[in-house]
Amino acid sequence: MKAVVNTKYGAPSVLSLKEIEKPSLKKDEILVKIMATAVNSGDCRIRRADPFAVRFFFGLTKPRTKILGGVLSGEVVEIGSNVKLYNVGDKVFGSTDMNFGAYAEYKTFPETGTLALKPDSLSHVQAAVIPFGGATALHFIKKAEIKSGQKVLIVGASGAVGTAAVQIAKAFGAIVTAVCSTSNLELVRSLGADKVIDYTKEDFTKNNEKYDVIFDTVNSIQIPKSAKSLNINGKMILSAAGLTEMIKGLWLTMTTDKKVVTGVTKQSAADINYLKGLVESGKLKPVIDRTYTMNEMVAAHSYVETGRKKGNVAITISLN
């Protein structure tokens with residue numbers, strides 16, 4: 001089978017399309033023919049080992065995980081003898097968790113993996129981009145216990161996590177203010193934001209507004225300064241925080257009446273099914289900036305690293 005492989009850390013040019021062995025199936029696994037995947041910020045960070053701590057988990061001198069790709073949509077083409085949840089021909093979408101491997105034509109999953117049946121209303125390309133931003137946003141929105149009527153500010157509202165966070169927070173009944181650049185104002189409004197702030201013209205920390213939750217999806221805010229825009233007992237979500245921001249967040253939690261929510265996301269099949277329900281009810285729609293083919297993976301990674309993408313960058317693997 002074909003797969004996009006990286007054998008060393010570095011720039012997008014370390015990625016190359018190669019022919020490798022098709023994975024073998026265990027009794028409790030399903031084999032999925034991958035139709036589409038996506039390039040996310042997590043893929044890029046691991047590819048370039050940034051921050052350096054990535055190497056402690058994925059290989060000190062070179063990557064142990066040679067095939068990236070954390071999300072997918074595809075079709076079940078084979079099932080193990082013990083599998084009960086899926087049948088050959090089922091169309092599925094979901095996440096590979098920390099195993100990656102979706103930059104390939106085939107991948108095996110345990111039948112209890114982070115998958116769900118694909119919504120009929122979505123193409124494989126559309127479905128593939130839902131799990132990364134959707135599951136990340138859902139994880140933190142649930143962890144912060146966002147409730148109906150709360151005022152939520154979402155920073156980085158035009159990115160993969162941000163576009164999902166706007167829609168999911170609205171589905172939870174929140175009053176959403178979204179922060180993005182001038183060129184993305186209409187996009188974010190179309191996702192249901194109640195108010196949109198153009199950060200090139202307005203600093204939300206200076207408008208005297210108070211929020212119950214501030215959700216920073218892109219690691220761009222100044223934590224102590226932004227905390228002043230939180231209500232008493234307000235919460236700050238730092239979904240893209242590095243170690244420094246986590247330490248600052250812990251200090252804020254320990255020394256004030258504010259609470260910082262951060263850490264590594266956890267996903268499950270139940271989460272993917274929840275996102276499927278939001279899609280089917282019209283409360284969550286995919287946002288795709290560009291679509292590349294499998295052999296254009298270097299260009300796709302290069303574009304994601306410009307920091308200018310709107311929503312998601314999708315990759316077609318096989319649509320036959």
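Student: In which element is K309 found?

Tutor: This is a predicted model, in which local features need pLDDT of at least 70 and side-chain atom pairs count only at pLDDT 80 or more, while totals for chains, interfaces and linings use all residues. Residues are numbered from 1 along each chain as its sequence is written, and side-chain values use heavy atoms, with hydrogens and water left out. Helices (H or I, at least four residues) and strands (E, at least two) are DSSP runs numbered from the N terminus. On that basis, K309 is found in the loop between α10 (297–304) and β15 (312–316).

Student: Which side chain of opposite charge is nearest to K309, and how far away is it?

Tutor: Lys and Arg count as positive and Asp and Glu as negative, with His and the chain ends not counted. A salt bridge requires a side-chain nitrogen of Lys or Arg within 4 Å of a carboxyl oxygen of Asp or Glu. K309 is buried (under 20% relative accessible area; exposed is over 50% and partly exposed in between, with a 1.4 Å probe and protein chains only). It has no salt bridge, and the nearest side chain of opposite charge is D289, at 7.5 Å.

Student: Which backbone oxygen does the side chain of K309 reach?

Tutor: Contact means heavy atoms within 4.5 Å. Leaving aside neighbours within four places in sequence, K309 is in contact with S158, A160, D289, Y303 and V304. Its side chain reaches, at 2.6 Å, the backbone oxygen of G311.

Student: Which strands stand at the edges of the open sheet of six strands?

Tutor: Two strands pair if DSSP finds at least two bridges between them. The order of this sheet is β10-β9-β8-β11-β12-β13, with parallel pairing. One side of each edge strand is left without a neighbour in the sheet, because each has a single partner strand; these are β10 (195–198) and β13 (259–261).

Student: Which residue in β11 is the bridge partner of L153?

Tutor: Strand β8 (residues 151–155) pairs in the parallel sense with strand β11 (residues 211–216) over four bridges. In β11, the partner of L153 is I214.

Student: At about what angle does helix α8 run to β13?

Tutor: Axes are lines fitted to C-alpha atoms, for helices over the stretch in contact, and angles run from 0 to 180 degrees between N-to-C directions. Helix α8 (residues 243–255) lies across β12 (230–238) and β13, and its angle to β13 is about 150°.

Student: How many residues apart in sequence are the parts that E145 and K235 tie together?

Tutor: The side chains of E145 and K235 meet in a salt bridge, at 3.4 Å from N to O. E145 lies in the loop between α4 (130–143) and β8, and K235 in strand β12, so the separation in sequence is 90 residues.

Student: Is K235 buried or exposed?

Tutor: E145 has 47% relative accessibility and counts as partly exposed. K235 has 16% relative accessibility, so it counts as buried.

Student: Which residue forms a salt bridge with K258?

Tutor: K258 is buried, with a relative accessible area of 15%. The closest N and O atoms are 2.8 Å apart, and the partner is D257.

Technical notes
A polar contact is a pair of N or O atoms within 3.5 Å; within protein, one must be able to donate a hydrogen and the other to accept it, and residues adjacent in sequence count only if both atoms are side-chain atoms.
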